[in-house]
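Subject: Structure for you, with notes

Hi,

Here is the structure I promised to send over. Please have a look at it first, and then read on for what turned up.

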Amino acid sequence: MKIVLVALSGDVREARARLRERYPHSTIEELARREIETGSPAARLARLRAARPDLFAVLTERLSWQRGQNSLLLFGALAGADRVLLMDSHGAMREEMRARIMLSAPARLAHETAASARAVLNARRRLSRLEREIITSDHHKVRSMKALAHDEDPRPEQAKQQTERPQHGPLIVYLRATPGAGTQVGGASSHINGFINAALLKGAHLRLVSNDHI
């Protein structure tokens with residue numbers, strides 16, 4: 001049996017050891033993540049098909065957090081793999097045969113699309129609420145500043161500096177809403193660092209709220 005392994009995140013050496021234990025008579029070939037993330041869908045599928053996998057394995061940090069699992073299963077099945085195995089760095093696995101994947105794909109993808117649409121709609125609704133609350137808060141600050149225009153602010157100087165907005169660029173408080181601390185750094189941290197670096201280059205003043213080091 002030939003296994004083609006793609007690591008989205010996690011310890012590749014540990015994943016290889018688990019695969020050897022599960023399939024002792026197999027050969028394992030690694031395929032770089034960029035090979036299935038760049039180019040047209042047809043080109044990405046052709047790269048995996050050229051590797052001729054009997055089993056297509058995908059390693060991720062936490063399987064319960066991984067979006068698009070059904071798309072990964074279908075991708076492996078369309079590339080000719082008899083089995084597709086999704087695994088994470090904490091021992092969780094999801095393995096399915098090609099026939100089951102192909103039969104279940106239409107219903108699964110439809111359900112996934114509907115769930116994503118609901119999530120986006122809910123996010124937009126909450127964002128609109130947050131924007132209204134910010135506008136209300138700004139109006140309240142303006143009224144307070146006018147009321148204190150001719151009076152001395154009684155707060156200590158340190159408190160004044162902490163609440164003052166920067167003169168140039170927005171003040172951003174970035175909340176890293178990761179469910180659990182102590183997990184291995186993966187793609188999510190790369191996205192966070194990318195945003196933070198870009199915001200700082202644009203002149204923003206940024207504070208990070210996190211339950212773990214990035």
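Elements here are DSSP runs, with helices being H or I of at least four residues and strands being E of at least two, numbered from the N terminus.

Before going further, a word on the source: this is a predicted model, in which local features need pLDDT of at least 70 and side-chain atom pairs count only at pLDDT 80 or more, while totals for chains, interfaces and linings use all residues. Residues are numbered from 1 along each chain as its sequence is written, and side-chain values use heavy atoms, with hydrogens and water left out.

**The chain as a whole**

The chain has six helices and seven strands, and from the N terminus on they come in the order β-α-β-α-β-α-β-β-α-α-β-α-β. Of its 214 residues, 27% count as buried (buried is under 20% relative accessible area, exposed is over 50%, and partly exposed is in between, using a 1.4 Å probe and protein chains only). If you take the contacts between residues at least 6 apart in sequence, 70% of them join residues at least 24 apart; contact here means heavy atoms within 4.5 Å.

**Helix α3**

Eight of the ten residues of α3 are buried, so the rest of the structure largely encloses this helix. Those buried residues are Q69, N70, L72, L73, L74, F75, G76 and A77. L78 also belongs to α3, but L78 is partly exposed, at a relative accessible area of 34%. Leaving out residues up to four places away in sequence, L78 touches L45, R49 and M102.

**Helix α1**

In α1 (residues 12-22), the buried residues are A15, R16, R18 and L19. Viewed down the helix axis they fall within an arc of 165°, so they line one face of α1 (the arc is that of the directions from the helix axis to the C-beta atoms). As background, an α-helix has 3.6 residues a turn, so residues three or four places apart point the same way. The buried residues of α1 pack against β1 (2-7), β2 (27-30), β3, β4 and β5 (93-97). On the face turned away from that buried side sit the exposed residues R13 and E21.

V6 lies in β1 and is buried, with a relative accessible area of 0%. Apart from neighbours within four places in sequence, V6 is in contact with L31, R33, I36, F56, A57, V58 and L59. One of these, I36, is 30 residues from V6 in sequence and 8.5 Å away, C-alpha to C-alpha.

P24 is in the loop between α1 and β2 and counts as exposed, at 57% relative accessibility. The C-alpha atoms of P24 and M1 are separated by 9.4 Å, and the two residues are 23 apart along the chain.

The loop between α2 (41-50) and β3 holds R52. R52 is not a glycine, yet it has a positive phi of about 50°. At 67% relative accessibility, R52 is exposed.

**The cavity**

How many cavities of 30 Å³ or more are there? The count comes to one, and the largest cavity has a volume of about 30 Å³. On a 1 Å grid over the protein atoms alone, a cavity is a set of points where a 1.4 Å probe fits but cannot get out, and lining residues have an atom within 4 Å of a point. Grid points are joined across faces, edges and corners, and the volume is the space filled by probe spheres set on the points.

The lining of the largest cavity consists of L8, V58, T60, L63, Q66, Q69, L72, L86 and M87. At least two lining residues each come from β3 (55-60), α3 (69-78) and β4 (83-88). By class, six are nonpolar, three polar and none charged (Ala, Val, Leu, Ile, Met, Phe, Trp, Tyr, Cys and Pro count as nonpolar, Asp, Glu, Lys and Arg as charged, and the others, Gly among them, as polar).

Best wishes

Terms used:
1 Å grid on protein atoms, 1.4 Å probe; cavity = no way out; pocket = protein on both sides within 12 Å on 5 of 7 lines; lining within 4 Å.
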